[in-house]
Every structure is written in C-alpha cells, then in structure tokens.
Amino acid sequence: MTVPVVPSENIDGFSVWIADNLRYVNVNGKNTNETDYSVEATYPTEGAEIEWVTVELPEPYTVPADGTYVGYTMNVTALDDATKYPLVVAQGAAAGSLYIFSSRTYMNWADRSEDVQMRSMLQVTLEGDAPEYAVKLGSIPYIYLGQDVEGSVSVDVYNVGTSPVESFTYTVAVGDQVVEDIMTFDTPLEANLALVNSVEFTIPALTEPGDYDVTITLQAVNGVAYEAETSGKIGVLYFVPKHYSVVEEYTGTWCGYCPRGYVAMEEMDRLYDDFVGIAYHDSDAMTPVGGYPNMISGFPSAVIGRTNVTDAYYADSSYGNGFTLPQAWEAACAEFSFAGLEVEAEIPENDENTVVVNSTVTFAATAADAATANYRLEIVLTADGLTGEGSYWNQSNYYYSYSPFYLMEDFCSGGQYGSSKVEGLVFNDVAILHSGLKGINGSIPDPSANVPNEYEYKFDISNVVSAYTGEAIPFHRDQLDVVVMILKGNTTYGVVENAIKVPVKYHADGVKAISVNREVESEVYYDLQGRMVRNPENGVYIRSIRYTDGTVANDKVVK
C-alpha cells in the first residue's frame, strides 16, 4: 500500500491497516479505530510537499469474497501548516472512496466523499492469480417507475479481472419479462479494483403498479462466457411525481449580513428556471401581513423543505466554504415524493384585484401515513421587481469593507453596492400574501392512489401592504408568482412533501389609453410552458413588456 502524506514533525502513531468492516471501540473513554491487520510505518518529518510512503505486508493477506477496507491512521500532536490538513486527497467525489473517522469532528465512520467532494489517493497493489475477464455487480437500488414507462437503473460495476472490459452480454429479468442485450463501452472499463463504474441497465415497461423482483445476470464478458448476478426490487406507480423542495429565506433590509442571502437567491433563480424560493422580509417595507413561519434563530437564514434550517448562502457547508445552496437544494429535490402537484394561477380579465390559484394533488400510491399525516396545502403569493425609496427600502450592508468573494463582489469593497447602506436594490421572490402559515385543513381530502384532489384559492390583491410600515407594497401584476406547498405532519408548520412555483398569468386590459410618450419599465420572459426565464438564451419565449403608463404588451420572440 502506498500513502501520500505531508511531512511533519507533529505526527506520530502512523500505520496502515486492513479491516473487513469499519468499526471502533471505546478505550479509556476515547473512541479508537479497530482493525484486523495493522502495520506501523515511519512518517516522514521532512521532504517534498507531498511524500509517498509505501508499506508492504510482511505476510500474505487473502481478500475476502465480500471485499475489505484498507486505510491509514495517524496521531496529530500539534498544529502546523501540514497538520491543519493532514489528509492528501484528490478533487471529485466517488462513492466509497473517502471514509473518515477521528476523535473530533468525524466521530463515527462514514463515507465523506460526497460531503467534501474529494476522494482518497491511497493506492493498493495486489498480487496473485486472477481471471483475465471478470466483473462484479453491485446491488440494485430500489427505484420507482411509472406505469407503462420504460426506465433504467444504475448499478455499480467493478472490473475485477486483469484486462479491460469492452463489452458484456446480460439479461434483465423483471416480473414475467426477460430482456437480453449486449452492452459495449466506448471507453473500456479499466482493470482497477478501486474504480467504480456506474452503468445504466434498461428496465422494460410494466403495466400493473406494485413491487417487482429484478435480476441482472451477466452471461459473457468480451465474448467469453462468464456468470455474475445481482438482484433487487423496483416499484411501479401510476406515475412518478416530479419532486421540488422549497427554500424559504429570511431577510430584512435592516440586516447587514442579509445581502449574502439576497445574492444567493438571485443566483438560484439564475441557475434554475424551476427554482422554488420564497423570501420572507422582517421589519421592513416588504413584511407580509400574517407574518412568516418562524423556524429560525437569526438573520439571514433559510429553511429547506421545512426540515433543514441552514444558511441562506453557505447552506450546509462550514462557514467560509463558499456558496453551496445549489447542492443542498438539489439533494432535497432528489428525495422521492409520492405526491404529484399541478398548479395554474391567473388574474382574470374581468377582475384585476384577484389572483385565482387552481391546484391538483394526486398521489402516485396511497400514502402509508394517510390516516395521520394531515396532508394539506399552503399557498404563498410572491412578487418580483420590488423597489422603493426610504430607510425601510435601503439595504444595510456589512460587507462593504470586505475583500470581494464569490457572488458578493458587488456588495464588497469596490463593488457597485459597496457602501454600508444600499439604495435602489430590486427585490425578487418576496412573499406578499399567504393562505396561512399552518396550511389549509381539508384542502387535500383524499391521499389515495390516483385520486385527483382539486382545490381553488383566491388572493385579494386590492390592498397589499407591509405589516411593518402599513404602506402599500408596490408590486406589478405581471411580476407575480405563486408557490404551492403540500404540507404533512402535525408540527406547527408541517414539513414540505412537494412544492412548485408558477407565474401568475396576467391578461392586461387592452382598452386602456396608450401614452404616446410611454417608456419601457420592465421586460419579463416566459418559456412556452409559462415559466419565468430570467436570463433567456437561444429559443422561443413569450415577452411581457410593462410600460411606465401602466400598460402591458405581450409578444412572442425568438432569441
């Protein structure tokens, strides 16, 4: 085994080890790693920036059929430039490639590769007899497929032979169907025991909802007969709902650190056309009547799915590790939801002071907790393009003396907003009205499989004011969105089972007098599915132009 290390005089107790499982024992009140086989080695005290330490086992070790873990241990006796970051790792995550355990911070064994987006550089050389062509299949993860919809499942594939794998013949057996195929790799799978190859296998369409056994069997590798098998289960539903989590950001113009939440939400809107975000303002000109779900202890903060209280910029990373809200939101969206949600919202042509929201909730399978979960809707009306004058609109900014850092350059020293008070900001995603913080009881009466639950809700927008100043919030009817959340659970605010954000369709009154001297006040673009697009690239869009005389014109444009 060869280990990359950073030379230091402040490291001792260095050893490499083998264990059939990752575990630790408590010795004199301290959790200590427990191994099957350990070899002490000399840690370099000086040398190049990175030194490679090679350790040979004094006697043969047979790798079990289920595999084994190899690693190294060290004691840090004092901090210096090397021991602050004693592990030498490579960039990029790979499942199972970086397990860490320590007496502080990482106090139990876990794969940290995804968390830190790194992988180990430990190298292991094996000797002995091995077949030229051999493949090991990982387990089949449980997935859901829609009724009568062909799908795929990702399985880890390991080349455990001595030559690259260019192709293999296999069968997929599911239900009463057996499909045989040949998979050919554009880039052959390397003969590397540590390399995990994620391979997609096609699952044929199945008609009836339910659980199905799945077996994948290899029959040949590179045309040479070879047998390997893995099995698992999949679920077939009436349909597979698209799951969106929601980010609820808490902010205020009086809050000097809240610009980091401001730029984070702006960047999320830029990165994702389907981002579901709400900005709740506190004690300023945009404070919503009825308050907000009070789930935080300070500003700025964010709550993802009403389960994860986090930072509006750094998200779940340690402070100083940069903007990681996208990873946190994507991880929340990747969780499965049985509840599908469709929403339409509009301001009717004959009533410009009402926003009508029609939602349909359909469960892909009967919820196991249907009797106790208390499924219900919460609906929030948000506004883009809000701006105003006066102290309650001027954003406090503690970053004006900071050196520029990612996304915050405009608010830092030398930036266009680099002062302690920022005037003229345009605020988006701002919650201006909501249906109630605990959800609408009875809005989802039947969480049975494939039963549509339709619900209509109306907002009165004739007098939208700030709960803090009492003054009108100067929103534009053509820059409104609706966030609809499916809540579940009996906690105060519930948790979000699914959510969606849709633009409010506004049919401008075509008989209004048009000013000859009108000027363009704003332009908003929507894709052909009605979703707002903040930075339209090549494609066809609906453009909504608002003029200073209050009129609105819509047209189709090609970019």
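Helices (H or I, at least four residues) and strands (E, at least two) are DSSP runs, numbered from the N terminus.

Keep in mind that this is a predicted model, where local features need pLDDT of at least 70, side-chain atom pairs count only at pLDDT 80 or more, and totals for chains, interfaces and linings use all residues. Residues are numbered from 1 along each chain as its sequence is written, and side-chain values use heavy atoms, leaving out hydrogens and water.

**The whole chain**

There are three helices and 37 strands in the chain. Its C-alpha trace spans about 90 × 65 × 50 Å along the principal axes. Of its 559 residues, 46% count as buried; here buried means under 20% relative accessible area, exposed means over 50%, and partly exposed is in between (1.4 Å probe, protein chains only).

**Helix α2**

Helix α2 covers residues 259-271, and at 1.5 Å a residue its 13 residues should span 18 Å; the end C-alpha atoms are 18 Å apart, which agrees. Most of α2 is covered, with ten of its 13 residues buried. Among them are P259, Y262, M265 and D269.

**Salt bridges**

Side chains of opposite charge can pair when their charged atoms come close. A salt bridge here is a side-chain nitrogen of Lys or Arg within 4 Å of a carboxyl oxygen of Asp or Glu, and by this rule the count comes to eleven. Here are some of them:

| Pair | N to O distance |
|---|---|
| R23 and D36 | 2.6 Å |
| R306 and E378 | 2.9 Å |
| K488 and D369 | 2.8 Å |

Take R23 and D36, which form a salt bridge. R23 sits in strand β3 (residues 23-27) and D36 in the loop between β4 (30-34) and β5 (37-40), so this pair ties together parts that are 13 residues apart in sequence. R23 is partly exposed at 24% relative accessible area, and D36 is partly exposed too, at 39%. Both belong to a network of salt bridges that links D20, R23, E34 and D36.

Next come R306 and E378, whose side chains meet in a salt bridge. R306 is in the loop between β22 (301-304) and β23 (308-310), while E378 is in strand β26 (residues 376-383), so the pair ties together parts that are 72 residues apart in sequence. Are these two buried or exposed? Both R306 and E378 are buried.

The side chains of K488 and D369 also meet in a salt bridge. K488 lies in strand β31 (residues 480-488) and D369 in the loop between β25 (354-363) and β26, so the parts they tie together are 119 residues apart in sequence. D369 counts as partly exposed, at 23% relative accessibility.

**Patches on the surface**

Patches are made of residues with over 30% relative accessible area and no salt bridge; like charges are joined within 9 Å, and nonpolar side chains (Val, Leu, Ile, Met, Phe, Trp, Tyr) within 5 Å. Accessible areas come from the Shrake-Rupley method with a 1.4 Å probe, and for residues only the protein chains shown count as cover.

Which residues form the nonpolar patch? V63, V70, V124, L126 and L193 do, with about 380 Å² of accessible area together. V124 is in the loop between β11 (118-120) and β12 (135-137), and it is partly exposed at 41%.

A negative patch is formed by E342, E344, E346 and E349. Lys and Arg count as positive and Asp and Glu as negative, with His and the chain ends not counted; the place of a charge is NZ of Lys, CZ of Arg, CG of Asp or CD of Glu. E346 is in strand β24 (residues 339-347) and is partly exposed, with a relative accessible area of 32%.

Notes: The expected span of a helix is 1.5 Å times one less than its number of residues.
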